[in-house]
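Please look through the structure below with the sequence beside it.

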Amino acid sequence: MTLDIIGQTQDVLASIDRLLGEVGSDKTKILTAQIFLPDMADFAAMNTVWERWVVPGHAPARATVEAKLANPSYRIEILSSPRSRGPPCRAPSSSRSPS
Amino acid sequence: MTLDIIGQTQDVLASIDRLLGEVGSDKTKILTAQIFLPDMADFAAMNTVWERWVVPGHAPARATVEAKLANPSYRIEILSSPRSRGPPCRAPSSSRSPS
Amino acid sequence: MTLDIIGQTQDVLASIDRLLGEVGSDKTKILTAQIFLPDMADFAAMNTVWERWVVPGHAPARATVEAKLANPSYRIEILSSPRSRGPPCRAPSSSRSPS
């Protein structure tokens, strides 16, 4: 993957949208989002993409910290927790399936 | 912000209480708490404040790790996941809204 | 604790199983798992244990990042979020209770 932080953030958020959609949920129903950046210098660029993606009034609690990721080509990883809706619901979203 | 780790931890936990209160929840209903410290040397002081705050028998699962935060003046960040209560509930708590 | 990454991962996952069992849940009902490794070189070994443990089709969203842990003898920490099941349910799992 050779996308920069803008492209990778867009890809990751699109993955989250898709995963949520597969279980009948959507981004307005995420409770928390944990964002990891290997380089905190990417924070501002990541944040501009995030701000365009999030629905005002329905933003999840978010924490962004710097951490080395399993795959050195990744510039971002997001672990989000959906609101669960009882027994039939499973809609967690990790942007990076193998890590 | 010039508070030390004691003061910042108190502030962060007060924010979580307030956010939970706004949605009719409270600290006995948190499932998980992810704590990030830029300097693990702050662990013991953070923990004394945490121990006074938590309700025995209702402590969330907690993990504390060292990680650089987005804002260099922050000495602690907590991302907590509330127990969800079905469709009307949204009560996640991040201690640091812009990060 | 002198277990290597294989042994520690097995221990941690056994703890999660036990904690979930105590509240009438199990590993097929975890939504997210946040894995922290002080040394990302342990990733492959950790992953082999994880792959044997997880139930196909019921794997939680997972993110693995490198971070220093509170206890220097720990080689892994996992914070997992169970699916909540309404008011009587509390089944979060942290592999490391004091951190």
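Which residues point one way from β4(C), and which the other way? C:E77, C:L79 and C:S81 are on one side, C:I78, C:S80 and C:P82 point the other way, and all are buried. Buried here means under 20% relative accessible area, exposed means over 50%, and partly exposed lies in between, with a 1.4 Å probe and protein chains only. This is a predicted model, in which local features need pLDDT of at least 70 and side-chain atom pairs count only at pLDDT 80 or more, while totals for chains, interfaces and linings use all residues. Residues are numbered from 1 along each chain as its sequence is written, chains are lettered from A and ligands numbered from 1 in the order in which they are written, and side-chain values use heavy atoms, with hydrogens and water left out.

Strand β4 of chain C covers residues 77-82. Six of its six residues are buried, so the strand is largely enclosed by the rest of the structure. Helices (H or I, at least four residues) and strands (E, at least two) are DSSP runs, numbered from the N terminus. β4(C) pairs with strand β1 (residues 30-37) of chain C in the antiparallel sense, over six bridges; two strands pair if DSSP finds at least two bridges between them.

Rings of Phe, Tyr and Trp (its six-membered ring) pair if their centres lie within 6.5 Å; planes under 30 degrees apart count as stacked, over 60 as edge-to-face and the rest as tilted. By this rule the count comes to six aromatic pairs over all chains. One of them joins A:F36 and B:F36: the ring centres are 6.4 Å apart and the planes stand at 75°, so the pair is edge-to-face. This pair crosses between chains, running from strand β1 (residues 30-37) of chain A to strand β1 (residues 30-37) of chain B. Both A:F36 and B:F36 are buried.

Another aromatic pair, B:W50 with B:W53, is tilted, with 5.3 Å centre to centre and 50° between the planes. These two residues are three apart in helix α2 (residues 43-53) of chain B, which means that about one helical turn separates them. B:W50 is buried because its relative accessible area is 4%. B:W53 has 10% relative accessibility and therefore counts as buried too.

The helices come next. Two packed helices are described by the angle between their axes and the distance between the axes. Axes are lines fitted to C-alpha atoms, for helices over the stretch in contact, and angles run from 0 to 180 degrees between N-to-C directions. In chain B, helix α1 (residues 5-22) packs with α2(B) at an angle of about 35°, and the axes are 9 Å apart. α1(B) passes α2(B) in a right-handed crossing; a crossing is left-handed if the near helix is turned anticlockwise from the far one by less than a right angle, and right-handed if clockwise. Contact means heavy atoms within 4.5 Å. The residues that make this contact include B:I5, B:L13 and B:I16 of α1(B), and B:W50 and B:W53 of α2(B). By class, the contact of α1(B) with α2(B) has nine nonpolar, three polar and two charged residues. Ala, Val, Leu, Ile, Met, Phe, Trp, Tyr, Cys and Pro count as nonpolar, Asp, Glu, Lys and Arg as charged, and the others, Gly among them, as polar.

In chain C, the axes of helix α1 (residues 5-22) and helix α2 (residues 43-53) come within 9 Å and cross at roughly 35°. The crossing of α1(C) past α2(C) is right-handed. Among the residues in contact are C:I5 and C:D17 of α1(C), and C:A45 and C:R52 of α2(C). C:A44 also lies in helix α2 of chain C. With a relative accessible area of 53%, C:A44 is exposed. The C-alpha atoms of C:A44 and C:I5 are 9.8 Å apart, although 39 residues separate the two along the chain.

Chain A has two helices and five strands, in the order α-β-α-β-β-β-β from the N terminus. Of its 99 residues, 56% are buried. Among contacts in chain A between residues at least 6 apart in sequence, 73% join residues at least 24 apart.
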